[in-house]
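Here's a quick briefing to read with the model open beside you. Take a look at the sequence and the structure first, then work through the topics one by one.

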Amino acid sequence: MATAASSAVGEALRDARTRTLALVAPLSEAELEAVHDPLMSPLVWDLGHIAAYEDLWLVHRYGARALVREDLADLYDAFETPRPARGAIPFLRGQALYDYMGAVRERALEILERTGPGDGVLHEMVIRHEAQHNETMRQTLFLAGLPGGAPAAPAPPAARDGWIEIPGGSVELGAGPDGFAFDNERPRHRVEVPSFRIARRPVTNATWMHFVEGGGYVRREWWSDEGWAWKQEYDITHPEGWTADGPPDHGDRPVMHVSWFEADAFARWSEARLPTEAEWEKAATWTQERLAQIGDVWEWTSSHFGGYPGFAAHPYKEYSEVFFGDRHRVLRGASWATDERLRCTTFRNWDLPQRRQIFSGVRLAKDVH
Ligand code: AVJ
Ligand code: FE
């Protein structure tokens, strides 16, 4: 049953794989197998995990066939084998790894060819999962100083600075019932958002430099207790990737690789605050005036990651639900490293407040008095 839907899905699976393989093509075996940073998996783990996820969801669950490699399921399960344990384990590598990726793909395409993509949800999830891991892999490449970890294209010209005022009122947030969305984007629901101002563009490197030079990392008053303790313990004096002289690239570019703690302190220094995710989504869909430069850096919000009213885990609770609570903060938008397919105004990303391997920046907000 080679329908148009099957060929579009097959095409998207192949595109995702082309991008994954292009990312690792310039790397040596040693670079693929090394633990470059205690936060990150070896790149060979990401590759095996991408295939194991496809084995589970497209071969086993969707196709109702035996796993291609039952013996690898736990090894590549993110919860069974947490990141810190991933250095010491005998992952597939070299030809055996590429053979496994290829074997899973072959079987998934065979099932797709025979039965079509059904409602398309599981295939879309697997395609997006691979794309998400491409961004994770770029974070590893960034920390390792390897090619692919920083934007290749020159900085786009910075947009005009300034504030956009969004009047108060109710707004619908989240994804509607049709089409693909991650579970945490549903259900679509209405919330009341008081009037606020939001910055037209993300904070630039040049502005962040003023913060550094103005004692941003030295003066206590702008930092939360937790943020200050983190900054002191790890001796943080500038965004990750900067040298003592400043940013590695253009002053005009949005600042990148800042933690939520730094973003929060910077906002206080600016006599502003971070937007809530409801404000962010309202502003991002505001048609009278457009937010500039969405999608260059992830934008930290003040919101904790939680389920929308009526949330239901789908298709598994380890995608979102296990991260709900007061530990993780939400980031909105996308980064230069985010695949086109993942970019939408309802997408919710999340990370711990101390993390800066992520391609994260800041867009400020303010109350309207
Ligand atoms: C949505 C980026 C936070 O990397 O932990 C990948 C995406 N989930 N594999 C993550 C994800 C399962 C997730 N983020
Ligand atoms: Fe994953």
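This is a predicted model: local features need pLDDT of at least 70, side-chain atom pairs count only at pLDDT 80 or more; totals for chains, interfaces and linings use all residues.

Residues are numbered from 1 along each chain as its sequence is written, chains are lettered from A and ligands numbered from 1 in the order in which they are written, and side-chain values use heavy atoms, with hydrogens and water left out. The protein chain has nine helices and nine strands; helices (H or I, at least four residues) and strands (E, at least two) are DSSP runs, numbered from the N terminus.

**The overall build**

- The radius of gyration of the protein chain is 21 Å, close to the 21 Å from the globule rule for 369 residues, so the chain is as compact as a globular protein of that length. That radius is taken over C-alpha atoms, and the globule rule is 2.2 Å times the number of residues to the power 0.38.
- Picture a box of roughly 60 × 45 × 35 Å along the principal axes: the C-alpha atoms of the protein chain fill it.
- Of the 369 residues in the protein chain, 52% are buried. Buried means under 20% relative accessible area, exposed means over 50%, and partly exposed is in between (1.4 Å probe, protein chains only).
- Take the contacts (heavy atoms within 4.5 Å) in the protein chain with a separation of 6 or more: 78% of them are between residues 24 or more positions apart.

**The iron site**

- Which protein residues hold the iron ion (ligand 2) as donors? They are His 49, His 129 and His 133, each through its NE2 atom, at 2.1 to 2.2 Å from the ion. Donors here are N, O and S atoms within 2.8 Å of the metal (3.2 Å for Na, K and Ca), and since water is not among the atoms, sites may look incomplete.
- Along the sequence, the donor residues of the iron ion (ligand 2) follow the spacing H-x79-H-x3-H.
- His 129 and His 133 share helix H5 (residues 121-144), where they sit four residues apart, about one turn of the helix. An α-helix has 3.6 residues a turn, so residues three or four places apart point the same way.
- Both of these histidines are buried: His 129 has a relative accessible area of 7%, and His 133 has 10%.
- Why is the arrangement around the iron ion (ligand 2) irregular? The four donor atoms subtend angles of 90 to 172°, and that makes it irregular. For reference, four donors count as tetrahedral if all angles lie between 85 and 135 degrees; four count as square planar and six as octahedral if opposite donors are over 155 degrees apart and all others between 65 and 115; anything else is irregular.

**Strands and how they pair**

- Four strands make an open sheet with mixed pairing, in the order S7-S6-S5-S8. Strands S7 (349-351) and S8 (360-361) are at the edges with a single partner strand each, so one side of each has no neighbour in the sheet.
- Two strands pair if DSSP finds at least two bridges between them. Strand S6 (residues 329-332) runs antiparallel to S7, joined by three bridges, and Leu 331 is opposite Asn 349 in S7.
- Elsewhere, S1 (residues 163-166) and S4 (residues 196-199) pair antiparallel over four bridges, with Trp 163 opposite Ala 199 in S4.
- S4 is also joined to S9 (residues 365-367) by three bridges, again antiparallel; here Ile 198 faces Ala 365 in S9.

**A buried helix**

- Eight of the eight residues of helix H9 (residues 277-284) are buried, so the helix is largely enclosed by the rest of the structure. Among them are Trp 280, Glu 281 and Lys 282.

- Most residues other than glycine have a negative phi, and most peptide bonds are trans.
- The peptide bond from Arg 186 to Pro 187 is cis, with omega near -10°, and Pro 187 lies in the loop between S2 (169-173) and S3 (189-193).
- The bond from His 314 to Pro 315 is cis too, with omega near -5°.
- Asp 235 has a positive phi of about 55° and is exposed, with a relative accessible area of 61%.
- Glu 271 has a positive phi near 55°; its place is in the loop between H8 and H9, and it counts as exposed at 69% relative accessibility.
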